[in-house]
Amino acid sequence: MSVYTLGIWLVHPGRENDFVQAWRDLARKTQEDFPHTQAVLMHDRDVRNRFISTGPWESLEQVEQWRASETYRHGLEVMKEMLEHFEPHTLDEAADVGRD
């Protein structure tokens with residue numbers, strides 16, 4: 001079963017570019033700690049200061065290790081001043097179409 005993380009980020013208006021850079025920094029450092037991770041950050045066209053991030057993980061244990069890591073805690077601390085709101089989620093895959 002695949003496990004995914006999902007983040008819903010509401011950024012203070014005017015801080016969008018700073019947030020994207022901080023998110024990239026967190027993602028790069030995460031890849032150093034967990035080399036096979038993948039992540040994508042999407043920008044909502046209708047709500048200009050809302051971003052959605054998601055990525056698959058090998059296991060729930062790996063997600064828990066990441067969220068307990070200094071990399072994750074530091075990344076969130078850096079972004080904290082840029083955010084109005086942040087919702088982290090952990091999801092299990094329910095269906096898949098198109099993957100071989």
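This report looks at one threonine and at the salt bridges of a predicted model.

**Around T37**

Let's start with T37, which sits in the loop linking α1 (16–33) and β2 (40–43). With a relative accessible area of 6%, T37 is buried, because buried means under 20%. Its side chain comes to 2.9 Å from the backbone oxygen of F34. If you set aside the neighbours within four places in sequence, the residues in contact with T37 are T30, Q31 and W57.

**Salt bridges**

Side chains of opposite charge can pair when their charged atoms come close. You will find 5 salt bridges in this structure, including those in the table below.

| Pair | Closest N to O distance |
|---|---|
| D18 and R15 | 2.9 Å |
| R28 and D25 | 3.8 Å |

D44 is buried at a relative accessible area of 18%, whereas R50 counts as partly exposed at 30%. Shared partners also matter here: salt bridges join R15, D18 and E81 into one network.

R28 is partly exposed at 47% relative accessibility, and D25 is partly exposed at 33%.

How values were computed
Residues are numbered from 1 along each chain as its sequence is written. This is a predicted model: local features need pLDDT of at least 70, side-chain atom pairs count only at pLDDT 80 or more; totals for chains, interfaces and linings use all residues. Side-chain values use heavy atoms; hydrogens and water are left out. Helices (H or I, at least four residues) and strands (E, at least two) are DSSP runs, numbered from the N terminus. Buried means under 20% relative accessible area, exposed over 50%, partly exposed in between (1.4 Å probe, protein chains only). A polar contact is a pair of N or O atoms within 3.5 Å; within protein, one must be able to donate a hydrogen and the other to accept it, and residues adjacent in sequence count only if both atoms are side-chain atoms. Contact means heavy atoms within 4.5 Å. A salt bridge is a side-chain nitrogen of Lys or Arg within 4 Å of a carboxyl oxygen of Asp or Glu.
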